[in-house]
Structure formats: C-alpha cells, structure tokens
Amino acid sequence: MSDPTGARRKAILIPGEGSAVFTDPDWSPAGTELAVTYILGTRYSGFTSEIYVANAAGKHLHRPITQPDADRRSPAWSPDGSKLAYVQGYDEIWIANADGSGAHAVTQGQDPTWSPDGAGIAFARTEEGDGDDTDLYVVGTDGSGLTQLTAGPSRDRAPDWSPDGRQIVFQGGSVADQSLYVVRPDGTGLRRLTRKRYDSAPSWSPDGGRIVFAGSGSVWIMDRDGRHQRNVTHTKPFAHNEDAPAWQPVHMLAGRIQGTPFDDYLAGGRGNDVIFGGPGRDVMLGGPGNDTFLARDGRVDLVEGGAGRDRAFVDRHDRLRGVERVHHP
C-alpha cells in the first residue's frame with residue numbers, strides 16, 4: 001500500500017507460506033476493507049485459490065465464503081458493499097452476500113466488475129475454441145441482458161467500470177503485448193490509451209479523473225484520457241513485480257472528505273474542502289482553496305495546506321506545513 005505518488009509504501013498482507021501470494025485486491029466502497037485472492041501451491045503440486053477479506057490495515061483476515069469447497073478468485077465488491085462477485089472454478093462468475101451467504105452462479109466468465117448503479121457486471125469471456133480470444137461482456141446481476149462489448153482476436157481482460165458509469169477501461173492485445181483501452185458500456189467509443197510493451201490491471205481513481213495500472217513490473221498512473229503517464233514506484237524488473245493495483249475510495253460525508261479508522265491519505269482538490277481525519281496516522285493534503293483540516297485524534301498526523309488560507313484543528317504533536325491558522329486544544 002502507498003499514497004498515489006508511490007511514497008509511504010508498506011506491506012499490509014504477507015503470506016504465511018513461502019509459495020503463497022496475495023493478488024487481485026479490491027477495496028470496499030467505504031475504503032475500510034480489502035478483498036483479495038490467496039493462491040497457494042506450485043506448478044508441480046498444483047494451485048488452490050481462495051478469497052479472503054481484511055481491514056485496511058491488513059488485520060482480521062478471514063474467509064467470507066467457505067461452501068462449497070472450490071477454487072475462488074477475482075473478488076469485486078458491489079457499490080453498496082453488501083455483496084461480492086467472484087470467479088469460482090474455471091470460469092463461472094458467482095455473487096454472494098458479503099458474509100458468504102446466498103452464493104449463486106450468474107454467468108460464465110472471468111474478471112467481474114460492478115456497474116456503479118449495481119445493476120450490471122462487466123466481465124471477460126474466452127470465446128469457444130480459441131483460448132487466446134477473450135472478449136468483454138456486460139450482464140445483469142440476475143444473469144439477463146447479456147451484451148457483447150468487444151470482438152476480434154484480441155485478448156481483452158481485466159475491465160474496470162468508471163465511477164460515473166460512462167466508460168470501462170480494460171487491457172487488450174496479444175498474450176505478450178497488452179495495452180489499455182476504454183469502451184462505453186454499449187460497446188461503442190473504443191479508444192486506445194497506452195502503447196507500451198505490457199500494460200495491465202487498470203483501476204479508476206475514486207473521482208474518475210485518473211487510472212492506475214501495472215506496467216513492466218511497476219505501478220503507473222495516468223489521466224483518464226491516457227495523458228501524463230508516469231511511473232510512481234520505479235520497481236526494478238525481475239527483482240520485484242508489482243501488479244493489480246487498486247485505488248482506495250475516499251468516503252464523502254456531508255461534504256467532508258472522511259478518513260477511515262486506519263492510516264489514510266486524504267487529498268483535497270480545487271475549492272474549499274473540509275478534510276476530516278480518522279483515528280489513524282493520516283496524511284492530509286489541501287488543494288487550491290481555503291481548506292479546513294480536522295485532525296484531533298491523539299495520533300501523529302501530517303497536515304499540509306495548499307494555496308489559499310487554510311486552518312487546522314490539530315493535536316500539538318501533529319506536523320503542519322503551509323497552514324495559516326492553527327487551533328490546538
């Protein structure tokens with residue numbers, strides 16, 4: 001986990017077994033829980049996969065879905081946080097309640113992602129007779145209204161629905177050469193965003209203005225139209241591999257940017273923001289405008305004002321930069 005610049009990186013989930021990995025992270029809508037795939041095994045012994053959920057600090061790891069006994073992967077939270085979509089077996093998409101109850105199959109496919117209104121799921125499906133031809137589809141959560149979005153020999157995978165519901169970003173190309181594209185939910189408006197050797201696993205920022213993705217072992221960020229692409233982690237290839245990034249949502253409450261109980265990175269935009277940190281060790285950044293920071297939680301927070309006249313209600317041990325008016329208890 002890191003902030004969007006790649007700084008303040010820390011491990012929050014570490015496998016207990018040497019051959020195990022955590023992958024496919026997906027944040028709950030409130031940003032307080034993380035669903036992941038846990039894969040265990042080797043190419044000699046075979047692999048098993050299961051879905052786990054932890055809090056934003058990587059604690060209280062548990063399996064919400066335990067029956068029936070089957071491989072599960074690629075979890076995706078519903079917009080209201082009440083359900084999880086996931087892949088079970090080889091290529092069946094299932095939906096279950098967040099506590100694991102009510103599990104049922106919806107359709108054949110992989111890589112599910114919910115529409116913002118919760119009515120549909122975008123996913124990838126391998127075309128019959130050609131394992132390298134994977135196209136994107138949308139289906140209702142009850143399995144009705146199947147609509148094909150992409151076609152052709154390309155391997156289209158890993159869709160992610162934009163917060164405004166107007167676009168779906170995905171990776172497409174050959175097995176060895178993948179770029180990122182966007183398409184509308186009706187299949188029109190296909191457009192290419194990147195042209196590097198291998199880009200994958202795109203994920204929208206909560207405000208829909210940027211896209212984070214994996215590229216050649218590092219994490220990259222770009223604007224929603226593909227401009228201003230930048231490597232934010234600069235990971236050395238073959239030494240480490242960073243993949244499947246997911247952007248933590250920021251909870252808005254009564255016009256405030258609201259922190260979680262964990263260590264948050266909270267950044268305002270243009271305008272007069274109210275940034276309300278939670279009980280964790282938070283980083284709170286203001287943008288252009290007269291911002292207000294509320295950081296009285298007994299923890300050491302970093303508060304940094306932007307352009308404008310900012311004020312902060314803080315504890316005496318908090319660190320402040322560029323804040324014009326400071327209020328201590």
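Asp3 counts as buried because its relative accessibility is 5%, where buried means under 20% relative accessible area, exposed means over 50% and partly exposed lies in between, as computed with a 1.4 Å probe on protein chains only. This residue forms a salt bridge with Arg8, with 2.4 Å between the closest N and O atoms, the term requiring a side-chain nitrogen of Lys or Arg within 4 Å of a carboxyl oxygen of Asp or Glu. Arg8, at 47% relative accessibility, counts as partly exposed.

The model is predicted, so that local features need pLDDT of at least 70 and side-chain atom pairs count only at pLDDT 80 or more, whereas totals for chains, interfaces and linings use all residues. Residues are numbered from 1 along each chain as its sequence is written, and side-chain values use heavy atoms, with hydrogens and water left out.

A search of the whole structure finds nine salt bridges, and another of these pairs joins the side chains of Asp111 and Arg157, at 2.6 Å from N to O. Because Asp111 lies in strand 8 (residues 110–114) and Arg157 in strand 12 (residues 157–161), the pair ties together parts that are 46 residues apart in sequence; helices (H or I, at least four residues) and strands (E, at least two) are DSSP runs, numbered from the N terminus. Both Asp111 and Arg157 are buried.

A further salt bridge links Asp225 with Arg227, the closest N and O atoms being 2.8 Å apart. Here Asp225 is partly exposed at 30% relative accessibility, while Arg227 is exposed, with a relative accessible area of 52%.

Turning to the strands, strand 5 (residues 83–88) pairs with strand 6 (residues 92–97) in the antiparallel sense over six bridges, pairing being assigned if DSSP finds at least two bridges between two strands. Within this pairing, Leu84 stands opposite Ala96 of strand 6. The two strands form a hairpin with three residues between them, and Gly89 in the turn has a positive phi of about 70°.

Strand 6 also pairs with strand 7 (residues 104–108), again in the antiparallel sense, over four bridges, and the bridge partner of Trp94 in strand 7 is Ala105. Strand 6 and strand 7 form a hairpin as well, with six residues between them and with Gly100 in the turn at a positive phi of about 95°.
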